[in-house]
Amino acid sequence: MRILVLGGDGYLGWPTALHLSQCGHEVAVADNFVRRQYDLELGVDSLVPIESLHTRVTAWQERTGKTIEMFIGDLTDADFTYEMIREFRPDAVVHFAEQRAAPYSMIDRKHAVYTQTNNVVGTLNLLYAIAEIDPEIHLVKLGTMGEYGTPNIDIEEGWLELEHKGRKDRVLYPKRPGSFYHLSKVHDSHNMEFACRIWGLRATDLNQGVVYGQETPETTLDDRLATRFDYDAVFGTVLNRFVIQAVLGHPLTVYGSGTQTRGIIDIRDTVRCIQLACENPAERGEFRVFNQMTESMSVRDIAATVSESFPGEVTIDNLDNPRVEKEEHYYKVTHTGLVELGLVPHMLSDTLITSLFDVAKRHVDRVREAALMPGVNWRSPGAERTSER
Ligand code: NAD
């Protein structure tokens, strides 16, 4: 298949591009490098050094003989998006190219507006480009489990069978997300469902859990193929951040009681899920949703697992929760769709965590410790002037 990976310079886009290329697909990547720009803005950097996209692509060719084409540009630029689709003519487009940090979207008005404009407009341009150029193209779009929030009923895969006053319908599962970033994904999901319904597009929305891990079989072929490893309080996902805190001898920063439960997934399963979704496309007119997570854990249990695996002293600090979220809640998620397509999940294990400790130890001198503490508070909408100075 010809597969275009949007956001192919990011934490997940890069290893996914390599995996799809290794599976024998013709792969191209697109990115505008804004993720690298956020690092400059926040004064942080990936713990593991990452090469430029050009060097990465060259290294992949040297190692495997396989080529990956590059498109450099911004999805919110419709001309760029249309030209890229026309030129590459993909069978599937995998769309990772969004601003993905909830805390970043909650810094202030400017960051909330940026996040929603970047994400919603980029996806809308893409939907139009596919509809006008080739509606056969399968859109595989990354959503998030955070779209659902923590409802007091079981979370289904995108749709809900409903009976109301004696009548039945199948409706999009009601969403109650916890940040302007998560809301941007909800808006995307609605736009995609609408495009499938009116234009007969085919789309798969992958509501992904929090990803952990940093290595896949392809990224470890060469240091130049490494993907990002973020530890800061804005972009660092929870387990990766705890690993680095343990290595530094810092307390693991658990927000509030830590009883908040979330869906999680190993990065090796992320790349496999994308492959399965591409190779088993949705039907024309179908808006298909999978919950891309393999297990649920509370933040407190994730901290305990990291602490038990670490060969040394680890303390846990319960900070005042900077987010507005329920700490005690029901959480039961259906996530069978990808398993039915062939996913054999990696469950969180000591081996994985130990290998992450090794990665973190190798680069520990690159940590900027101040970046570990949360600086964004959900309850302060007026922080804008500070950040604009
Ligand atoms: P990332 O920030 O590392 O990668 C996203 C990439 O997209 C970056 O390289 C960025 O430069 C690029 N990008 C952003 N806006 C763009 C635009 N307008 N035009 C072109 N390129 C643009 O993020 P990630 O962790 O790899 O996440 C990828 C996707 O998966 C995101 O959509 C995210 O919401 C979703 N997701 C991630 C996680 C996780 O734990 N990392 C969990 C659930 C869902």
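User: Which residues line the largest cavity?

Analyst: Start with the idea. On a 1 Å grid over the protein atoms alone, a cavity is a set of points where a 1.4 Å probe fits but cannot get out, and lining residues have an atom within 4 Å of a point. Here Pro103, Ala233, Val234, Tyr255, Pro322, Arg323, Pro374, Gly375, Val376 and Trp378 line the largest cavity. One caution: this is a predicted model, where local features need pLDDT of at least 70, side-chain atom pairs count only at pLDDT 80 or more, and totals for chains, interfaces and linings use all residues. Residues are numbered from 1 along each chain as its sequence is written, and side-chain values use heavy atoms, without hydrogens or water.

User: How many cavities of 30 Å³ or more are there?

Analyst: A volume is the space filled by probe spheres set on the points, with grid points joined across faces, edges and corners. The count is one cavity of 30 Å³ or more. The largest cavity holds about 60 Å³.

User: How does the lining of the largest cavity divide by class?

Analyst: Ala, Val, Leu, Ile, Met, Phe, Trp, Tyr, Cys and Pro count as nonpolar; Asp, Glu, Lys and Arg as charged; the others, Gly among them, as polar. This lining has eight nonpolar residues, one polar and one charged.

User: What lines the second largest pocket?

Analyst: A pocket is an open set of points with protein on both sides within 12 Å along at least five of seven lines. The second largest pocket has 20 lining residues, and Leu42, Ile107, Val234, Gly375 and Val376 lie nearest its centre. Its space is about 340 Å³. The lining has 12 nonpolar, five polar and three charged residues.

User: Which residues are closest to the ligand?

Analyst: A residue is near a molecule if one of its heavy atoms lies within 4 Å. The ligand is surrounded by 28 residues, the closest being Asp31, Arg100, Asn118, Tyr181 and Lys185. The shell has 11 nonpolar, nine polar and eight charged residues.

User: Which polar side-chain atom lies 2.6 Å from an oxygen atom of the ligand?

Analyst: A polar contact is a pair of N or O atoms within 3.5 Å. The atom belongs to tyrosine 181. For asparagine 32, a polar side-chain atom lies 3.1 Å from a ligand nitrogen atom.

Conventions
Polar contact = N/O pair within 3.5 Å; in protein donor to acceptor, adjacent residues only side chain to side chain.
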